[in-house]
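Q: I'd like to learn how to read a protein model feature by feature. Could you walk me through this one?

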Amino acid sequence: MEQSQKHIIGYSFKGRPIWAFTCGNGPKSLHINASVHANEWITTIVLLRWFMKMNRRYRKTYLNEDAIKIWVVPLVNPDGVDLVMNGRRSDWKANARGVDLNDQFPAGWEVERKRRGKLKAGARDFGGDAPLSESESMALHDLVKRTSPDAVVALHTQGREIYYNYRDFEPRDAAWLAKQMGLAVTKNAYRAVKLSNSDAGFKDWFIQEFRKYGFTIEMGSGVNPLPIKYHSTLLIEFEAMMNVLCNFIAGHTPTNKEYPPKYK
Ligand SMILES: [Zn+2]
């Protein structure tokens with residue numbers, strides 16, 4: 001099988017490399033990123049641990065390695081995470097320049113800017129002076145443009161919710177798929193939530209640009225940054241959701257009686 005590979009897809013404002021890792025070699029592909037928001041750094045640990053597990057499972061043909069290729073970008077905002085962890089700014093979501101990387105994407109960027117009303121750099125919610133003005137968001141944008149994945153997942157904390165839509169550009173069964181992912185988590189399912197009045201996020205841009213499946217998963221509950229001791233629980237929950245998504249993307253027909261979903 002194809003070995004796992006690593007790539008530098010760009011550099012942060014302070015010059016830290018932004019890494020991407022791949023495994024599998026399928027015609028279908030899935031992109032997952034984490035720590036776009038600085039004080040949500042626990043998502044990096046969850047994603048890396050899941051990716052290492054996936055790598056091992058590929059060898060046991062858990063998923064056919066020729067069916068699906070997985071791209072992960074576990075640390076999109078390394079400068080911001082450093083600020084939270086070493087600068088003790090627990091409220092900080094933005095990058096080192098005070099730009100919120102999840103308000104940076106060219107999908108209703110102006111609308112989001114007006115809605116937020118934030119015109120200056122700061123800990124959160126400032127979308128920059130122009131879409132993709134930041135090297136971190138540009139790196140993510142360029143990677144996705146180049147690799148054209150069949151689905152993307154952006155990992156955030158917290159709220160135990162899955163957002164799946166953007167201005168009705170999403171595939172018709174995206175709501176159903178989000179619901180199945182959420183139900184796969186035992187004990188406390190994650191809720192599939194249809195968002196309105198939200199623009200300029202990574203998944204918004206992906207859905208608008210590609211008309212494919214884009215999800216933001218708000219993992220866990222509590223106050224950001226979530227304590228590191230949560231990461232094992234979050235990994236179990238994430239794995240359950242990704243099992244559903246990977247199987248779906250790989251083209252395994254769901255046996256669930258609810259499929260195909262009924263449309264209103
Ligand atoms: Zn977030």
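This is a predicted model: local features need pLDDT of at least 70, side-chain atom pairs count only at pLDDT 80 or more; totals for chains, interfaces and linings use all residues.

Q: Which residues have a positive phi although they are not glycines?
A: R160 has one, at about 55 degrees, and N197 also has a positive phi of about 55 degrees. R160 sits in the loop between β5 and β6, while N197 is in the loop between β7 and α6. For burial, the cut-offs are under 20% relative accessible area for buried, over 50% for exposed, and partly exposed in between (1.4 Å probe, protein chains only). R160 has a relative accessible area of 18%, so R160 is buried; N197 has 62% and so counts as exposed. Just after α4, S148 takes a positive phi too, of about 45 degrees.

Q: Where are the cis peptide bonds?
A: One joins T157 and Q158, with omega about 0 degrees; Q158 belongs to the loop between β5 and β6. Another runs from N224 to P225, with omega near -10 degrees, and P225 lies in the loop between β8 and α7.

Q: What do the buried residues of α4 pack against?
A: Their partners are β1, β2, β3, β4 (68–73), α2 (78–86) and α6, judged by contact, meaning heavy atoms within 4.5 Å. The buried residues of α4 include E136, H141 and V144. For another case, take helix α5 (residues 174–183): seven of its 10 residues are buried, so α5 is largely enclosed by the rest of the structure. Among them are W176, L177 and M181, and the buried residues of α5 pack against β6 (161–163), β7, β8 and α7.

Q: In which sense do strands β1 and β2 pair?
A: Two strands pair if DSSP finds at least two bridges between them. Strand β1 (residues 5–11) and strand β2 (residues 17–23) are antiparallel, over six bridges, with G10 opposite I18 in β2. They make a hairpin with five residues between them, and G15 in the turn has a positive phi of about 90 degrees.

Q: What coordinates the zinc ion?
A: Donors are N, O and S atoms within 2.8 Å of the metal (3.2 Å for Na, K and Ca); water is not among the atoms, so sites may look incomplete. Here the zinc ion has H37 (ND1), two OE atoms of E40, and H156 (ND1), at 2.0 to 2.5 Å. The spacing along the chain is H-x2-E-x115-H. H37, in the loop between β3 (28–34) and α1 (42–59), and H156, in strand β5 (residues 151–157), are 119 residues apart, so the pair links distant parts of the chain. H37 is buried at 6% relative accessible area, and H156 is buried at 2%.

Q: Why is the arrangement around the zinc ion irregular?
A: Four donors count as tetrahedral if all angles lie between 85 and 135 degrees; four count as square planar and six as octahedral if opposite donors are over 155 degrees apart and all others between 65 and 115; anything else is irregular. The four donor atoms around the zinc ion subtend angles of 56 to 144 degrees, which makes the arrangement irregular.

Note on methods. Residues are numbered from 1 along each chain as its sequence is written. Side-chain values use heavy atoms; hydrogens and water are left out. Helices (H or I, at least four residues) and strands (E, at least two) are DSSP runs, numbered from the N terminus.
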